[in-house]
Amino acid sequence: MFECDKFITNGVIKSVPIELQLFIWSAIANMPVPKDYLQVFDLKIENNLQVIHHYSEQPEYNKTYILTVVERPIIAKIYVIDDYFEDENKHIATMLLAEEY
């Protein structure tokens, strides 16, 4: 993902704590380039810790994070989709729950 406008669906706003939303944006920003247009985040709870498995297909990318300071760990699958509008030379990234896709 490049510098872009970021959008979050109502499902994410209602069910994903803001600190996790910010962490996901940060995880994408810190990835090596090039990046796939689709980033997937599987959020699980293990031993009261937030575990986040981040992956994409092209190029293949896999990384797992264990967050120890999350007030309210959750279980969810989150997609972040990067849309590129060539005529405007503009990227827009949208964070959504898998069930909203």
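Predicted model: local features only at pLDDT ≥ 70, side-chain atom pairs only at ≥ 80, totals over all residues.
Residues are numbered from 1 along each chain as its sequence is written, and side-chain values use heavy atoms, with hydrogens and water left out.

Let's start with the strands. Helices (H or I, at least four residues) and strands (E, at least two) are DSSP runs, numbered from the N terminus. Two strands count as paired if DSSP finds at least two bridges between them. Take β2 and β3 (residues 49-56) to begin with: they pair in the antiparallel sense over 7 bridges, and D42 has H53 in β3 as its bridge partner. From there, β3 pairs with β4, again antiparallel and over 7 bridges, with Y65 in β4 as the bridge partner of I52. A hairpin through 4 residues joins β3 to β4.

On to β5. β2 and β5 pair in the antiparallel sense over 6 bridges, and L43 finds its bridge partner in A76 of β5. β5 also pairs with β6, antiparallel, over 8 bridges. There, K90 in β6 is the bridge partner of F85. The hairpin of β5 and β6 has 4 residues between the strands, and N89 takes a positive phi near 50° in it.

What packs together inside? In soluble globular proteins, nonpolar side chains tend to be buried together. A nonpolar core here is a set of buried Ala, Val, Leu, Ile, Met, Phe, Trp, Tyr and Cys residues joined through side-chain atoms within 4.5 Å. As for the word itself, buried means under 20% relative accessible area, exposed means over 50%, and partly exposed is in between (1.4 Å probe, protein chains only). The largest nonpolar core has 23 residues, and L20, F41, I78 and V80 have the most contacts inside it. α2, β2 (38-46), β4, β5 and β6 each supply at least two residues of this core, and α2 gives the most, with 5 residues.

Now for the rings. Rings of Phe, Tyr and Trp (its six-membered ring) pair if their centres lie within 6.5 Å; planes under 30 degrees apart count as stacked, over 60 as edge-to-face and the rest as tilted. The structure holds 2 aromatic pairs. In one of them, the rings of F23 and Y65 have centres 4.9 Å apart and planes at 85°, so this pair is edge-to-face. The pair links distant parts of the chain, with F23 in helix α2 (residues 18-29) and Y65 in strand β4 (residues 61-67), 42 residues apart. F23 counts as partly exposed because its relative accessibility is 22%, while Y65, at 15%, counts as buried. The rings of Y79 and Y101 also make an edge-to-face pair, because their centres are 5.8 Å apart and their planes at 90°. Y79 is buried at 18% relative accessibility, but Y101 is exposed at 69%.

A polar contact of 2.9 Å joins the side chains of D82 and H91. Such a contact is a pair of N or O atoms within 3.5 Å; within protein, one must be able to donate a hydrogen and the other to accept it, and residues adjacent in sequence count only if both atoms are side-chain atoms.

Last, the loops. The peptide bond from V33 to P34 is cis, with omega near 5°, and P34 lies in the loop between α2 and β2. The bond from Q58 to P59 is cis as well, with omega near -5°.
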